[in-house]
Amino acid sequence: MTEILIFLLGLTVIMIVAAGIGIFWAIKNGQFEDMEGPAQRILMDDDDPRIPRYSNSKSKQ
Amino acid sequence: MNTAETSCYHCALPVPASAHYPVTIEGKPHEMCCRGCQAVAQTIVDNGLTDYYRHRTALPGVGHEVVPEEVQKLALYDHPGIQKSFVRQEGEHVREASLILEGITCAACIWLNERHLKQLPGVLQVQVNYATHRARITWDDQAIHLSKILEEIQLLGYNAHPFSAERQENLRRKRRAKDLRRIAIAGLSSGQVMMLAVALYAGAAFGMEDSTAALLRYFSLVLTLPVVFYAAVPFYQSAWNALLGKRLNMDVPVSLAVIGAFIGSAWATLQGHGVVYYDAITMFSLFLLSSRFLEHGAQEKSVEAAENLLKLAPAMATRVLDGGQHQPVPVLELNEGDTILAKPGEAIAADAEVIEGESTVDEALLTGESRPVPKRAGVRVIAGSINLEGPLWLRVTGVGENTVLAGIVRLLDRAVAEKPRLAQLADQVAGHFTVGLLILTAIVGAAWWWLEPGQAFGIVLAVLVVTCPCALSLAAPTVFAAAGSHLLRHGILLTRGHALETLAKVNHVVFDKTGTLTYGKPVLQRTVTFSDMDEERSLLLAASLEQASEHPLAQSFLSRVAGTDLVAVQEAQNLPGKGVSGSIAGVRYSLGNAALAGFEPVALPGDLPEGATRVWLCDERRTLAVFVLSDGLRPQAGELVGQLKAAGVQVTILSGDAADAVAHVAAETGIESWQAALRPEDKLKALRELQQRGDVVAMVGDGVNDAPVLAGADVSIAMGGGTQVARASSDIVLLTENLLDIQRALQTGQASITVMRQNFVWAIVYNLLALPFAAVGMIPPWLASIGMSTSSLVVVMNALRLR
């Protein structure tokens with residue numbers, strides 16, 4: 001009983017350390033500096049010219 | 001022509017009936033309101049960036065026409081001496097700079113700037129931060145110059161300024177990263193400790209071997225170590241600083257709770273019996289760190305926005321050396337006695353005396369005088385005023401602290417210092433609350449120690465945690481942050497959070513006339529023609545003559561006839577202080593003041609408005625036409641005054657301008673109370689009188705002369721196009737320059753006060769309810785932790801309703 005617990009707790013430690021390193025790396029990389037931009041940026045298509053569109057289609061505005 | 005479109009496709013302002021500025025976007029013609037918008041839209045189309053119009057969620061500012069003068073000024077940024085302060089050398093030719101982007105309204109703006117700049121050859125990297133409106137650009141100096149990049153940004157309708165406060169920015173970024181690391185540690189630990197705590201509680205209820213329980217406790221202890229010795233350190237520092245200063249703050253009971261609980265739990269773990277509170281310690285730290293982080297973020301955002309407005313780029317001047325060469329120098333390096341050159345259209349860098357040249361100077365921002373002031377050799381000019389017509393050679397008489405401008409700024413400092421500090425008050429209240437809390441906790445602890453020593457420790461801990469004034473301290477800042485972001489989305493920038501509180505109580509709005517109710521630029525009001533001249537022909541002649549002039553009056557003629565072909569002018573001459581002259585189709589014309597014509601002017605109709613500028617168009621023998629120009633009223637001015645009056649708010653004009661001009665504007669907008677010809681000191685005095693009557697005054701202004709009044713008012717609003725000093729000294733900046741936003745700001749202020757009150761009531765009721773239960777031992781520390789965080793969460797959620 002105690003042996004398996006010790007094994008599982010040891011596993012937990014490894015996972016926590018891995019998660020911690022991951023988060024620290026992300027912070028160091030500046031991934032938390034702009035919390036709004038990237039979420040919006042993904043919506044802007046870069047491949048637009050390849051998407052067929054009717055030239056007379058009404059614009060939205 | 002597409003008559004269906006009545007608002008500008010680019011900026012959504014109404015298109016004047018006479019305007020015709022079409023741009024074809026995705027195969028369909030669209031109308032723009034002015035040349036500026038047309039130029040911007042055309043640039044966007046030409047670069048294949050029309051997606052911008054599909055993606056944008058907010059409208060841009062009004063397009064500005066890029067004039068050659070401005071582009072020339074940008075070239076100064078290529079000068080190595082000036083680049084030193086804000087450009088980093090990355091390689092032999094690779095350079096990096098931070099820029100502040102003005103005019104970012106939505107994510108599509110970021111996209112537009114990034115895409116467009118990346119297309120330019122030589123630009124290596126562009127990164128725009130949506131949250132701070134700052135861009136980081138890396139380029140190869142062999143292939144492209146910084147001035148070209150800045151020019152391209154202007155062509156898109158944005159304004160970019162080099163940003164030199166790198167060190168401060170770095171410091172802030174480092175602190176933010178540190179805070180995030182602490183939160184990460186606390187989050188990881190608290191998650192694990194909570195799991196173990198559940199197991200321990202279950203074990204206590206259903207039975208668990210002692211050795212297993214001990215193992216779980218030791219493991220919890222290990223997991224809690226990084227929280228106590230790393231994540232929670234800021235609490236100890238803040239508490240220690242407060243104690244050193246013989247004060248008490250919220251962090252004192254927080255630190256006591258964390259350290260006390262840890263020592264108690266560690267002792268219990270080592271002894272093998274007793275209660276442990278690892279779950280409470282880690283959760284408590286996590287919640288506190290997170291709420292502080294969110295609060296900091298909101299504050300930093302407003303600080304950054306204010307810094308962006310201050311344009312920290314170096315101000316430059318052109319020094320004339322003994323040999324006659326021109327040398328661009330930072331204003332800071334100017335000395336008294338130096339000779340500097342002020343080109344037309346430039347701001348004058350220092351207080352100085354004219355030694356050569358003749359021109360008119362716009363001092364409106366400093367004195368409120370809306371008409372240009374003529375300057376010739378021997379006359380003094382003020383730093384910050386704008387040279388309009390011809391080049392001026394100046395001898396510097398005052399720099400830095402010795403300028404008139406600096407004097408006004410000192411006046412401003414004093415007014416700022418006199419402002420009641422609401423933030424300090426809030427701190428004091430929290431201090432008193434903490435003292436009461438600690439005394440109460442001591443009494444409860446002593447009582448339990450006497451009754452039942454075994455329980456005392458857990459109960460003291462529960463009291464400390466459950467009554468942590470988190471919700472109380474979050475009640476106001478979260479509301480400021482939420483309301484601030486709501487306003488920002490509508491183009492209203494809140495530079496000081498506590499302004500909202502005052503905004504709700506405003507019952508008197510004071511306007512400076514020039515630049516707020518009016519545009520601050522002359523607009524052609526009326527044309528009187530003589531002999532066989534018709535209005536259209538006279539305007540065409542006038543505009544043609546003014547083609548090359550930099551004078552603001554010239555712009556108003558040109559914008560009037562925009563779209564028509566101007567006629568060619570021979571022998572064009574600029575006569576500073578008088579006007580312009582030139583030959584068109586063999587006839588010599590002059591355009592300027594009455595003196596320029598050189599003969600007795602004709603009589604004018606008696607009903608012309610007083611205080612307006614008159615411009616005479618003459619040929620060699622007679623007067624052909626007289627143009628009447630005055631400062632144009634903003635279209636929303638009347639509506640705003642009506643709305644304010646309907647809401648029971650008084651409206652007053654305090655202006656530095658002449659009485660007749662002010663009376664005219666007051667009559668147009670329906671404002672009954674006004675004062676004219678006031679100096680900055682007079683304005684401040686008039687304002688103080690209103691305040692002594694018990695009025696809560698909101699001041700709307702844009703000039704440097706308004707800065708002290710803006711700072712002295714209970715709450716101040718500056719126009720986005722106004723001067724830096726005005727914006728720096730105000731609580732609210734109207735980025736869109738839409739006057740109706742003032743009414744919106746007032747409404748938001750009232751709504752936020754309501755929400756803030758709800759928050760305070762909730763926080764206090766919660767604390768009062770929870771305290772007795774904790775004191776009698778009915779709330780274990782872990783439940784106290786949950787209660788504390790739930791109450792904070794309620795406060796935050798309630799504040800978010802404002803967004």
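Visitor: Before we start, how is everything numbered, and what does the model count?
Guide: Residues are numbered from 1 along each chain as its sequence is written, while chains are lettered from A and ligands numbered from 1 in the order in which they are written. This is a predicted model, in which local features need pLDDT of at least 70 and side-chain atom pairs count only at pLDDT 80 or more, whereas totals for chains, interfaces and linings use all residues.

Visitor: What are the ipTM and pTM scores?
Guide: The model scores an ipTM of 0.77 and a pTM of 0.56.

Visitor: And what is the mean pLDDT of chain B?
Guide: Chain B has a mean pLDDT of 77, with 79% of its residues at 70 or more, pLDDT being the predictor's confidence in each residue, from 0 to 100.

Visitor: Where in chain B is confidence lowest, and where is it highest?
Guide: Confidence is lowest in helix α13 (residues 404-417) of chain B, at a mean of 52, and highest in helix α8 (residues 210-231) of chain B, at 91; helices (H or I, at least four residues) and strands (E, at least two) are DSSP runs, numbered from the N terminus. Over residues 414-423 of chain B the pLDDT is below 50, and this stretch has 11 contacts in the model beyond near neighbours in sequence, a contact meaning that the C-beta atoms of two residues, placed from the backbone, lie within 7 Å. Where pLDDT is low, the predicted coordinates should not be read in detail.

Visitor: Switching to chain A, how many helices and strands are there?
Guide: Chain A has 2 helices and 0 strands. Buried residues make up 0% of its 61 residues, where buried means 20 or more other C-beta atoms within 10 Å of a residue's own, exposed means 12 or fewer, and partly exposed lies in between, with C-beta atoms placed from the backbone.

Visitor: How many residues does each chain give to the contact?
Guide: Chain A gives 27 residues and chain B gives 26 residues. On the side of chain A that touches chain B, the elements giving two or more residues are α1 (2-28) and α2 (37-41) of chain A, and α1(A) gives the most, with 11 residues.

Visitor: Now the inside of chain B: which residues touch the most other members of the largest nonpolar core?
Guide: Among its 118 residues, those are B:Val258, B:Ile281, B:Val465 and B:Met699; a nonpolar core is a set of buried Ala, Val, Leu, Ile, Met, Phe, Trp, Tyr and Cys residues joined through C-beta atoms within 7 Å. Helix α27 (residues 741-775) of chain B gives the most to this core, with 10 residues.

Visitor: What does B:Ile281 touch?
Guide: Leaving aside neighbours within four places in sequence, B:Ile281 is in contact with residues including B:Thr224, B:Val258 and B:Phe262.

Visitor: What is the strand order in the open sheet of 7 strands?
Guide: The order is β17-β29-β28-β27-β18-β25-β26 (chain B), with mixed pairing, and two strands pair if DSSP finds at least two bridges between them. The edge strands, each pairing on one side only, are β17 (492-494) and β26 (673-675) of chain B. Strands β28 (residues 715-719) and β29 (residues 732-734) of chain B run parallel and are joined by 3 bridges, and B:Ala718 has B:Val733 in β29(B) as its bridge partner.

Visitor: Last one, is B:Leu575 buried or partly exposed?
Guide: B:Leu575 is partly exposed, because 16 other C-beta atoms lie within 10 Å. B:Leu575 is found in strand β20 (residues 570-575) of chain B.
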